[in-house]
Amino acid sequence: MRIENFEAFVNIARLGSFTQAAEECFCTQATMSQRIKKLEDYYKVQLLHRDGRGVELTLAGQQILPYCEAIIVALRDSKNELLNIDQLSIGELKICSSNTPGTYILPQVLSSFHLRFPGIELESQIKYAKDVISEISFGSECELGFVSQPADVGVDDKKLKFEPILRDGLAVIVSPQHPMVRDKWVGKHSISLDDLQGQTLLTSNRKSSTVKNLETTSGKSMDFKQVVALGSMEAVKKSVELNAGIAIASHFLVQDEVSSGRLLSFSIEDVTVYRFVMLVHRRTVSLSPTARAFVEYLKKDLAKMYPTLCCDLEHRRAAGE
């Protein structure tokens, strides 16, 4: 049933005249009659009486008039609601991320996006990478996911699309008081892979893919003195500051500590070790206008903040202009 049929009935009831209602609806009286006929056929009841003095509602017409008015209001409100969503005046966005992007990369973008679109309700959850992938694949709560891991992990998942958006470089971090800094690494920016053998490695959890990634990239097997799992990267950084061992961490995790001199950062000679921050979403589900706008906003911000690490060439070029 077309909204024009409801509008014809409501306007005739309000004005008491086919002629005036036709003028207001910018159509002919014949068109108005056709619309009323379609409405009466739909309800299988006569809605209007015509006589020489004008038009009157039947009892059925009087009963149905408030519903027809409500239908018109509801349809117009729904159209306005969708328009507001498209213009990002209202809406919501829930995302989930692994620790590195969720803690160290997305907050600044989420903050600036909120200032730009204050009507959008935002929620960001931080989980293990495998849980992020599971949520996007099987859950219904979060629309977008972000994980930091090697690019070849998960890309064959038929249900999900993995899009690298930022290169996440890994570095060895140590305390300035670490014995190797005093004895061998002083003044250096890079160290050999062999220098890590026999060291105590601090990690957030024993299932971390960092060591496996390092061994795969270098072709060497790592033999650490001890591997200590501390539950979170914040605990790892604190323990490294206390000179309890070394760690291999994302560049993004240690920017503040390295800048302040609380930690030292070394690249590994002849080995390029990095992961990708990847955007994850369902292949078969279209993103909402809010999610599409956030992804576009995110890529522009990352291109400005990390021009050499951004994977999106189009936005990287735009940021350099």
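The axes of helix H1 (residues 3-15) and helix H3 (residues 29-43) come within 8 Å and cross at roughly 105°. Axes here are lines fitted to C-alpha atoms, for helices over the stretch in contact, with angles from 0 to 180 degrees between N-to-C directions. H1 and H3 are therefore roughly perpendicular to each other (65 to 115 degrees; under 35 is roughly parallel, over 145 roughly antiparallel, the rest oblique). The model is predicted: local features need pLDDT of at least 70 and side-chain atom pairs pLDDT 80 or more, while totals for chains, interfaces and linings use all residues. Numbering starts from 1 along each chain as its sequence is written, and side-chain values use heavy atoms, without hydrogens or water. Helices (H or I, at least four residues) and strands (E, at least two) are DSSP runs numbered from the N terminus.

From H1, Glu4, Asn5, Phe6, Ala8, Phe9 and Ile12 meet Met32, Arg35, Ile36, Lys38, Leu39 and Tyr43 of H3. Contact means heavy atoms within 4.5 Å. Eight residues of this contact are nonpolar, one is polar and three are charged. Nonpolar covers Ala, Val, Leu, Ile, Met, Phe, Trp, Tyr, Cys and Pro; charged covers Asp, Glu, Lys and Arg; the others, Gly among them, are polar.

Helix H6 has buried residues Val132, Ile133, Glu135, Ile136 and Ser137 (buried is under 20% relative accessible area, exposed over 50%, partly exposed in between; 1.4 Å probe, protein chains only). Their cover includes strands S3 (91-97), S5, S6 (160-174) and S12 (274-282). Serine 97 lies in S3. Its relative accessibility is 0%, so serine 97 counts as buried. Beyond four places in sequence, serine 97 touches Gly102, Leu106, Gln125, Ile126, Lys127, Val132 and Phe146.

Strand S12 holds leucine 279. This leucine is buried, at 2% relative accessible area. Its contacts, neighbours within four places aside, are Leu144, Gly145, Phe146, Lys161, Phe162, Glu163, Ile165 and Val295. The C-alpha atoms of leucine 279 and leucine 166 are 9.3 Å apart, across 113 residues of chain.

The largest pocket holds about 950 Å³ of space. A pocket is an open set of points on a 1 Å grid, with protein on both sides within 12 Å along at least five of seven lines; lining residues have an atom within 4 Å of a point. Of its 38 lining residues, Tyr128, Ser204, Asn205, Ser208 and Ser209 are closest to the centre. H5 gives the largest share of the lining, four residues. The lining comprises 16 nonpolar, 15 polar and seven charged residues.

Definitions and conventions:
1 Å grid on protein atoms, 1.4 Å probe; cavity = no way out; pocket = protein on both sides within 12 Å on 5 of 7 lines; lining within 4 Å. Points joined across faces, edges and corners; volume = space filled by probe spheres on them.
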